[in-house]
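Here's a quick tour of a model with its ligands and rings.

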Amino acid sequence: MFERLPFIFSTMKADVLLGLQWGDEGKGKVVDVLTPRYDVIARFQGGPNAGHTLEFEGIKHVLHTIPSGIFHPTKANVIGNGVVIDPVVFKKEIDALLKLGVDVKKNLFISRKAHLILPTHRLLDAASEAAKGTAKIGSTLKGIGPAYMDKTGRNGLRIGDLEHPDFKSLYNTLVAKHKELLAHHDYQYNLDELEPAFFEGIEEIKKLTLIDSEYVLNNYLNEGKAILAEGAQGSLLDIDFGSYPFVTSSHTITAGTCIGLGLAPGTIGEVYGIFKAYCTRVGSGPFPTELEDETGERLRKKGNEFGSTTGRPRRCGWLDLPSLKYAIMLNGVTQLIMMKSDVMSGFDKVKVCTHYKYRGKIIDHVPYDVVNEKLEPVYEELPGWSEDLMQVSDVENLPANLMAYIDYIEHATQLPITIISVGPDRMQTLMRKAVAF
Ligand code: GDP
Ligand code: IMO
Ligand code: MG
């Protein structure tokens, strides 16, 4: 008979911050703002398809693979097993940070179980998109899909393989497979041009601390350290729950945190769900509230809605509540963060989509077929606000109509909006105590 042992440690919880829309909600900015409250920041999925922008003290910096806590030298930054890493992009990120005086060697740790993106993965991404023609996903062409395909197909190479004396032959075996696929696509390429940067990047990775991150992160929790898991992409791009096939290839929702970091479900604490006061989407796929008119153009211009990774113009539209509520449900969101309220300034009226017209019926959920069937938005109109918000430093000074907009969303979602962002800078972030609603 075993006796039950009392718990020796008081285990901390890992909080999660993730996007509730189609990505680019402002995750990087808020992770950077929240980092002082945590000991560890950990990315759990995605790869260099992500572009997370941080602005502070006159610096504007975009991170792709490295967690957004990296500018805080006393905080550990972990790239978890669920991430896919392109050594070429990664080295560029490290070099750019060094130029800003940030030496990642001290506080960046990489999971041995994270998978590698090979140059041929990027080629396969491009070949696959070219073959799809007008049905293309609108991928960032960073090799994400093919790298995750090799992971689930059990062919992938992992960071830990770099410690293997035979890494080169493992690489050659996988590349030989990729060459067959590229030949099948009849895709032209010159791999010799791409490989030197890849192997340079590999050498850079080998200089860093490689870890068994699942043990390290669980030990952190047992030691009472606070972890913030940083999502990439957005819930509506999730491989299972997004508008398939117009999605990315990873689990972007809270459950992805457990898989991508090796943390048990019970260790998850707060789930911060972040959304823009309106919607954007970059790449192809359904977007019910998209505004292909002057209003959309105005949001794009004012919000500087151009992809942080690819520079592509982002499609813009009004806030979509059924999608937001769907994402909240999937993620178990405990508090909301609303970004870019400043961009919405200057409209007489703002619209919120409350329902969809779908197959002749009014619905308020996200149905199975959103790709072949049209979801027509049903809007409610609210009064707009015109004040310039970028100088506002206190929630009390926000315009009444913006507060009414916030109130409306809180009632619809039954969640508090605890952070309101009014500009890209770290300082343009208004913290709000949880309010009764
Ligand atoms: P992420 O991928 O979720 O980290 O978001 P991105 O960095 O791709 O895109 C968000 C963009 O909006 C970046 O250019 C940010 O600097 C900017 N941004 C973030 N919050 C605000 C805000 O409240 N107002 C404005 N005007 N810009 C913001
Ligand atoms: P962050 O973390 C916005 C989109 C692409 C494309 C689809 C698939 O910055 O929010 P992929 O390269 O993954 O094969 O592309 O997903 N996408 C993003 N859109 N923000 C991102 O990341 C994205 N990462 C991928 O535009 O539609
Ligand atoms: Mg982004």
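Let's start with ligand 2, where a polar side-chain atom of K27 sits 2.7 Å from one of the ligand's oxygen atoms. Bear in mind that this is a predicted model: local features need pLDDT of at least 70, side-chain atom pairs count only at pLDDT 80 or more, and totals for chains, interfaces and linings use all residues. Residues are numbered from 1 along each chain as its sequence is written, chains are lettered from A and ligands numbered from 1 in the order in which they are written, and side-chain values use heavy atoms, with hydrogens and water left out.

The table collects polar contacts to both ligands (a polar contact here is a pair of N or O atoms within 3.5 Å).

| Residue and its atom | Ligand atom | Distance |
|---|---|---|
| T140, side-chain N or O | ligand 2, oxygen | 2.5 Å |
| G138, backbone N or O | ligand 2, oxygen | 3.4 Å |
| S308, polar side-chain atom | ligand 1, oxygen | 2.7 Å |
| R314, side-chain N or O | ligand 1, oxygen | 3.3 Å |
| D342, polar side-chain atom | ligand 1, nitrogen | 2.7 Å |

Taken alone, ligand 1 exposes 580 Å², and the protein buries 95% of that (accessible areas are Shrake-Rupley values with a 1.4 Å probe; for residues, only the protein chains shown count as cover). Around ligand 1 there are 20 residues, and the closest are K27, T53, S308, D342 and S421 (a residue is near if one of its heavy atoms lies within 4 Å). Ligand 2 is surrounded by 20 residues too, with D24, K27, H52, T140 and T248 the closest. That shell around ligand 2 splits into 7 nonpolar, 10 polar and 3 charged residues (Ala, Val, Leu, Ile, Met, Phe, Trp, Tyr, Cys and Pro count as nonpolar, Asp, Glu, Lys and Arg as charged, the others, Gly among them, as polar).

You'll find D24 in the loop between strand 1 (14–19) and helix 1 (27–34) (helices, H or I with at least four residues, and strands, E with at least two, are DSSP runs numbered from the N terminus). Another backbone feature is the cis peptide bond joining Y244 and P245, with omega about 5 degrees. P245 belongs to the loop between strand 10 (227–230) and helix 8 (254–261).

Now the rings. Rings of Phe, Tyr and Trp (its six-membered ring) pair if their centres lie within 6.5 Å; planes under 30 degrees apart count as stacked, over 60 as edge-to-face and the rest as tilted. By this rule the count comes to 8 aromatic pairs. One of them is F56 with F71, edge-to-face at 5.0 Å centre to centre and 70 degrees between the planes. F56 is in strand 3 (residues 52–56) and F71 in the loop between strand 4 (59–63) and strand 5 (76–79), 15 residues apart. Both F56 and F71 are buried (under 20% relative accessible area; exposed is over 50%, partly exposed in between, with a 1.4 Å probe and protein chains only). W385 and Y405 make a tilted pair, 5.3 Å centre to centre with 55 degrees between the planes.

F56 also has the charged end of R426 over its ring, 3.9 Å from the centre (NZ of Lys or CZ of Arg within 6 Å of the ring centre and within 35 degrees of the ring normal). Likewise, R298 lies over the face of F347, at 4.1 Å from the ring centre.

Conventions. Polar contact = N/O pair within 3.5 Å; in protein donor to acceptor, adjacent residues only side chain to side chain.
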